[in-house]
Amino acid sequence: MDLSALIARFRTLSGDHGVPALWPDAEVTAFLNEAEREAAERARLLYDKTTPAVVEIDLLPDVREYRLHPKIFDVEAIGLQRPGGDRRWPVCRADEGDMRWSVSRRPNLSGWAGFFFVYGDTDGTGTEGKHLVLDRKPQEAGGKLLLEVYRYPLTDLVDPDDEPEIGPRHHDALVHWALHVAYQTRDMEGSASARAQHHEGEFAK
């Protein structure tokens with residue numbers, strides 16, 4: 001479904017056909033964009049290892065820490081491509097404590113990173129992303145990190161013919177989340193709380 005169809009479905013299920021509408025199109029669109037981000041994170045729907053702007057990071061000499069694309073909410077794995085090479089070397093995930101242990105007790109003799117950890121948070125709406133830290137600073141320029149990640153949609157729904165990035169089988173669920181949020185914002189004859197809970201349950205199925 002495109003945005004116009006999603007809004008029409010929202011109006012059908014909510015009975016919001018008045019003029020003016022109880023929830024204007026712009027407000028419903030905001031609810032639907034929130035819904036797609038929520039679905040992408042909860043069900044890990046958007047796996048990406050092929051979008052260069054999202055999953056490729058150029059390594060810089062003497063720099064261990066890199067800011068991730070703001071749409072990334074989890075890093076599944078990374079590989080390291082050394083300068084001038086096409087071979088991908090796996091870099092192991094660790095938490096901060098484990099990586100510090102690896103540096104102090106199991107020195108990395110390769111000259112390249114062997115471990116990484118990720119810290120920080122993002123909701124996919126701003127410019128600030130999580131940060132990735134390597135256990136070893138690159139010794140020269142030209143290397144690259146190649147990530148495998150789960151992320152939020154890259155763009156919001158804006159125009160009537162825009163379609164969600166998540167698969168069509170999940171589009172109905174987006175309307176239920178939008179209704180859940182809508183009923184949280186306005187009390188419909190004292191039944192808003194029950195309706196909000198119902199649609200949250202439908203979204204989670």
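Trp23 is buried, at a relative accessible area of 0%, where buried means under 20% relative accessible area with a 1.4 Å probe and protein chains only. The model is predicted, so local features need pLDDT of at least 70 and side-chain atom pairs count only at pLDDT 80 or more, while totals for chains, interfaces and linings use all residues. Residues are numbered from 1 along each chain as its sequence is written, and side-chain values use heavy atoms, without hydrogens and water.

The structure holds six aromatic pairs, meaning rings of Phe, Tyr or Trp (its six-membered ring) with centres within 6.5 Å; planes under 30 degrees apart are stacked, over 60 edge-to-face and the rest tilted. Two of these pairs are tabulated here.

| Pair | Centre distance | Plane angle | Class |
|---|---|---|---|
| Trp23 and Tyr183 | 5.7 Å | 85° | edge-to-face |
| Phe73 and Tyr152 | 5.0 Å | 55° | tilted |

Phe73 belongs to strand E4 (residues 72-81), and Tyr152 to the loop between strand E8 (144-151) and H5, 79 residues apart. Helices (H or I, at least four residues) and strands (E, at least two) are DSSP runs numbered from the N terminus. Phe73 is buried at 9% relative accessibility, and Tyr152 is buried at 2%.

Helix H5 covers residues 171-185. Because 12 of its 15 residues are buried, H5 is largely enclosed by the rest of the structure. Its buried residues, among them Trp177 and Tyr183, pack against helices H1 (3-14), H2 (25-42) and H6 (192-204), with contact meaning heavy atoms within 4.5 Å.

Note on methods:
Expected span 1.5 Å × (residues − 1). Buried < 20%, exposed > 50% of the residue type's maximum accessible area, 1.4 Å probe, protein only.
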